[in-house]
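Subject: Structure for your review

Dear colleague,

Please find the structure below, together with its sequence. My findings follow it.

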Amino acid sequence: MKQSNKLTIYIIISMLAGIALGYLVHLNASSDTIQVFSKNIKLLTTIFLRLVQMIIAPLVFSTLVVGIAKLGDLKTVGRVGGKALLWFVSASLISLLLGMLLVNLFKPGAGIDLSNADVSGAKDLVGKTQEFSLAKFVEHVFPKSVIEAMATNEILQLVIFSIFFGIATAALGEKAKIVVKGLDAVAHVILKMVGYVMNFAPIGVFGAIAAVIATKGLEVFWFYGKYLLFFLMGIASLWLVLLLAGFLILKNRLPALLKRIVSPLIVAFSTTSSEAVFPKLTEELEGFGCKDKIVSFILPLGYSFNLDGSMMYMTFASLAIAQAYGVHIDLGTQLTMLIVLMLTSKGIAGVPRASLVVVTATCAMFNIPPEGIALILPIDHFCDMFRTATNVLGNALATTVVSKWEGALEHSVTNQ
């Protein structure tokens, strides 16, 4: 059996085992024991995520600089970047509008039971809302130190530095060839490490699923069935739109792309971290036939600017909380909220539940009780699974589509 197929099967087995163990603990253990169990079993996920995080910074820097340098000149960088932003902005607007449409149509917030609020979890999130003021937003985007950005895995700050570095490298031409060659070698070494790190994915998945099921149990689906159902209808609609757009451009190659990204999608789904699959997704897209210079330029940008699942969820959650509290938000205010969310959501990829901090800040800004975030916390982990997988799908499609537009999409370089 091929290696990637084996990994997918191991991950699915780990998910099922995690559900079984978590539910067993939930049924038979005391609340104190459950807390200890969840905290300890989650360490397996922590190990996996930290292994991934240790290679994110060097991978983003080396691949993005090499990608820009290989594109050759500012005109090409601008053209490819422009095409990418056209897809990013279009996909983001569709995602936000879909979330707004569904929440107005089905009113899921009206069915949320106020007695199930996770108040302690909400306090922590409300305390973080100051991080998303305009001043903090600027600090979040522009690095004062690339070393600090690398140390804290601030992807958007890394992207900004790497773009400047890459453009300067391209402008130097022959003088900088040794730098490009060196960074290209670094990128290949890091990608080799990806294979080793991904072997820990099933263990990380097992820990994440077991912890959340042990704490919440399966009953959480009964309490929040309506909310989750309408959100999943939104995710399904978004997938339909994205796949339709992908099919119109990629034609009969779309099924082959989906087959390649199954493993990254499952890892993202079960760990709720887009960051966890960034290296593997890079490898799979290059194997599918996307030129390395396009992948290494578009994918890091997509991780900061193309968060389709998170964007849809943020409008959905913000307006659902307003509905739960009976706060009327007129259409003009909702459209203003979309613009605010479009700006404040940049650079949150890779951080599990970071979109909740943005939702909390948005609620406070529009006079919706920010502590209302407690209402959706019990079901949020399950929503996060779907929105993270959607982020990964959106970025895979964006990279492949731009490759096709640039005439840089070849037949599969490696067999899966």
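Thr169 counts as buried, because its relative accessibility is 7% and the cut-off for buried is under 20%. Please bear in mind that this is a predicted model. Thr169 has its place in helix H7, which covers residues 155-172. Leaving aside residues up to four places away in sequence, Thr169 touches Val65, Ala69, Ala176 and Val180.

Helix H7 also holds Phe161 and Phe165, which are four residues apart and therefore separated by about one helical turn. Phe161 is partly exposed, with a relative accessible area of 27%, and Phe165 is partly exposed as well, at 31%.

The structure holds nine aromatic pairs. In one of them, the ring centres of Phe161 and Phe165 are 5.9 Å apart and the planes stand at 40 degrees, so this pair is tilted. Elsewhere, ring pairs join Tyr227, Phe231, Tyr313 and Phe316 into a cluster. Over the face of Tyr313 lies Arg387, at 4.1 Å from the ring centre. Likewise, Arg253 lies over the face of Phe288, at 4.2 Å from the ring centre.

Which residues touch the most other members of the largest nonpolar core? In this core of 110 residues, they are Phe48, Trp87, Tyr227 and Phe297. Helix H19 (residues 373-405) gives the most to the core, with 15 residues. Another core, of seven residues, lies apart from it; among its members are Val25, Ile34, Ala211 and Ala214. Beyond residues up to four places away in sequence, the contacts of Trp87 include Leu242, Asn306, Leu397 and Trp405.

Yours sincerely,
A colleague

Notes:
Residues numbered from 1 in each chain as written. Predicted model: local features only at pLDDT ≥ 70, side-chain atom pairs only at ≥ 80, totals over all residues. Heavy atoms only, no water. Helix = DSSP H or I, 4+ residues; strand = E, 2+ residues; numbered from the N terminus. Buried < 20%, exposed > 50% of the residue type's maximum accessible area, 1.4 Å probe, protein only. Contact = heavy atoms within 4.5 Å. Core = buried A, V, L, I, M, F, W, Y, C linked by side-chain atoms within 4.5 Å. Phe/Tyr/Trp six-rings, centres within 6.5 Å; stacked < 30°, edge-to-face > 60°. Lys NZ or Arg CZ within 6 Å of the ring centre and 35° of its normal.
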